[in-house]
Amino acid sequence: MKKTFLLFQIYILFSICCWGIPSTTEEINFTPLKNHIQLPTNEIRNLFQDKEGYIWIATYNGLVRYDGYSTKIYHAESENTEKSIDGFINIVAEDNQSNLWIGTHNGLYKLNKKHETIEKIHLPNPQVSNVEAVACTREGTIWAGTNKGLFVKKKNEENFTLYKTIQNFDVKSLLEDKRGHVWIGTWSQGLFRYDPIQKRLYTYHNVCSRNSAHIIFQDKDENIWIGTWRCGLLKMQNPYDMQHYGFIRYTHDKNNPSSIADDIIYAITQDKNTGKMWIGSRSALSIMESENGTFTNYYPSNKSGHLPFNEVDALLSSKDGLMWVGMLGGGIRIANTNTRKFNLNSLKTVREIFPSTSVRAICPIDNHWIWIGIMGFGFAKYNMQTQEVIPYNQIDAFQKLPLISTVNEIIQLRDNGEYCFATWDDGLWIFDGKKVQEINIESYPQLTDVCIYSVYEDSKRNIWLGTRSGIFLLDKQRKMYAINNLIENKTFIPQKESIFRIQEDKDGNIWAATPNSGIWKLTPHYNNFTAKQYTIQAQNAISIGAMTLYIDSDNTIWAGTNGKGLSIYNPEKDCFQYALPTNMKKGEVISCILEDNQKGLWITTTSEMIHIHKDQTKKSVQVFTTARSYFQPKCLCNRKRWEAIFWRGTWYQQFFSCGHQI
């Protein structure tokens, strides 16, 4: 089967093509909060993500809410008691009504997020000061662990009561596990588990020599992990069998650099991407590589991308798969451990021949070879397995042709497999494998502009050319027409407008994207066409023009704009409307749109690539971003027989390295 392939024509620098060369394992890079966010202090006590996705940062100078772009700080206020909270924040938890319960050095508070009011909660013990643990259970019970015991407020009850079995204990950690049991860790009084069904409290003996259960965590496989004070990390065996439970112990060995960094454990979490356990301690961040006791330790360093401080007091694996590290004195660093969804091919062998690897066009030839258009140097055949490069002027059929600077698009015709090369300043070249037919002003005087942006084959086997000066049609008898001469109605179609993209819908209408004159629709009428423009002035479009167009297998028409994001055609209202208004960054330029073999839609923007999974019951959107901000993908190519997607970016060292659901 022959396919046409979507490309885009914009001048860019230092491009890449990305395909199957595996990426190498790299050391984790830790980066500060973006946008130069300033926190009220670098002393981070805890990290929490609520149901809406906000990150709440517990510090020793207030509670910080971070939305990805800016922060809001809650701290002590002398005049507004409904907004005031103790500045020394220990812990944050969220209940079923989306209220936040906040443990501080000066008691317990409740934050109503809807009304942004803060209430100081009375606990029935005047000696209570430090609240270090809070758990909000699925059934609606609130547990608060303090320096003077454990307090509980059941659903529909107004007040907290003292849980008498654990009174005067210094409670350090609370966890509701996947069974609904509540685990209770203390400073030096041991480890407990409460079963709400049986209403029974279980006591675990011989936890460690100091009887410390400083932090408790349950991983995705329901294993219970315990961080102790001076006794290392523990993994429980048979945690629900009170006759046969036990502990696997991981402690620091000064003679073994692969042992855990410290025996004083502050925080535990699990990386959603790799499944590895992350341990925060007094000395470093430790990542468990295997359960035989092998750890990779990240000690503080002044180097860029390293952790700046030793005491890792808070860890969070956020919903988008990022790893957050909070330090007592070092602020916050974020690590992206997502496996790269796309691999880099920096085209080293291309660079050995040409001083550029800016790829402007891609078209498969077979399972090994592809055509690639090289910015400023024409095009070449490229073997993806061997990385062999054959410049076009070394191929016999092209040797006598003039030198060309740029090929903006390459397609393969359906019937006979000919390749069409849309050149800049030398018209269209049609290659049948043996000889080349030149479509230019000399051979076709009707073609008044040989700077071609786009080439498209319609269902009738006509070849459409989008040029710097309008649209031209080369029919299957190889006769050339200027489209302006075939327009019947009096709709004004500018004669000198650039045509960036041409597509055909299932009704045979031809759609064209222009940068300044909107989107054009050409409807066949006998041997001519009627035309319609979709523009801001006509109030049937969202932007002055479009950078790209794509019609998917469901006959949905998508348009990518220059600064107005993605638009979609509404056939009932006969207009283009915003698509994904909440998922697009303001001012995004859409350069390419393509559908894969599973009907997923891929969209490239100035800084992201977006995948829309079109399901009959639910549409999901996934965004792929770069590790750094300087990225501008420009072309996509769906090669059906290889089942892969290609794109290009503006800096050859950049990767797509993070995918997250919206």
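Me: Of the 662 residues of the protein chain, what percentage count as buried?
Reply: The model shown here is predicted. A residue counts as buried when its relative accessible area is under 20%. Of the 662 residues in the protein chain, the share that counts as buried is 59%.

Me: How many helices and how many strands make up the secondary structure of the protein chain?
Reply: Helices and strands are counted separately along the chain. For this protein chain, the secondary structure comes to 1 helix and 55 strands.

Me: Among contacts between residues at least 6 apart in sequence, what percentage join residues at least 24 apart?
Reply: The contacts considered here are those in the protein chain between residues at least 6 apart in sequence. Among them, the share that joins residues at least 24 apart is 51%.

Me: Which residue forms a salt bridge with Asp 313?
Reply: The closest N and O atoms of the pair are 3.4 Å apart, which meets the limit of 4 Å for a salt bridge. Asp 313 lies in strand S26 (residues 312-317) and its partner in strand S2 (residues 44-49), 268 residues apart, so the pair links distant parts of the chain. The partner of Asp 313 is Arg 45.

Me: Why does Arg 45 count as buried?
Reply: The cut-off for a buried residue is a relative accessible area under 20%. Arg 45 falls under this cut-off and therefore counts as buried, its relative accessibility being 13%.

Me: Where is Lys 113, which meets Asp 50 in a salt bridge?
Reply: The side chains of Asp 50 and Lys 113 meet at 3.0 Å, N to O. Asp 50 is in the loop between S2 and strand S3 (55-59), 63 residues apart from Lys 113. Lys 113 itself is in the loop between strand S8 (107-112) and strand S9 (117-121).

Me: Is Asp 50 buried or exposed?
Reply: A residue under 20% relative accessible area is buried, and one over 50% is exposed. Asp 50 has a relative accessibility of 1%, and therefore it counts as buried.

Me: Which residues are linked with Lys 172 in a network of salt bridges?
Reply: The side chains of Lys 172 and Asp 170 meet in a salt bridge of 3.8 Å, N to O. Both of these residues are buried. The network links Lys 172 with Arg 45, Glu 132, Asp 170 and Asp 313.

Me: How many charged residues are in the lining of the largest cavity?
Reply: About 40 Å³ of space lies in the largest cavity. Its lining includes Gly 518, Tyr 534 and Phe 576. By class, the lining has 6 nonpolar and 5 polar residues, while the number of charged residues is none.

Me: How many nonpolar residues are in the lining of the second largest cavity?
Reply: The second largest cavity holds about 30 Å³ of space. Among the residues that line it are Ile 471, Asn 484 and Trp 520. The lining has 1 polar residue and no charged residues, and the nonpolar residues number 6.

Me: In which loop is Asn 540 found?
Reply: Asn 540 counts as buried, at 8% relative accessibility. Not counting residues up to four places away in sequence, Asn 540 touches residues including Lys 532, Asp 574 and Cys 575. Asn 540 is found in the loop between strand S44 (528-534) and strand S45 (548-551).

Definitions and conventions:
Residues are numbered from 1 along each chain as its sequence is written. This is a predicted model: local features need pLDDT of at least 70, side-chain atom pairs count only at pLDDT 80 or more; totals for chains, interfaces and linings use all residues. Side-chain values use heavy atoms; hydrogens and water are left out. Helices (H or I, at least four residues) and strands (E, at least two) are DSSP runs, numbered from the N terminus. Buried means under 20% relative accessible area, exposed over 50%, partly exposed in between (1.4 Å probe, protein chains only). Contact means heavy atoms within 4.5 Å. On a 1 Å grid over the protein atoms alone, a cavity is a set of points where a 1.4 Å probe fits but cannot get out, and a pocket is an open set with protein on both sides within 12 Å along at least five of seven lines; lining residues have an atom within 4 Å of a point. Grid points are joined across faces, edges and corners, and a volume is the space filled by probe spheres set on the points. Ala, Val, Leu, Ile, Met, Phe, Trp, Tyr, Cys and Pro count as nonpolar, Asp, Glu, Lys and Arg as charged, and the others, Gly among them, as polar.
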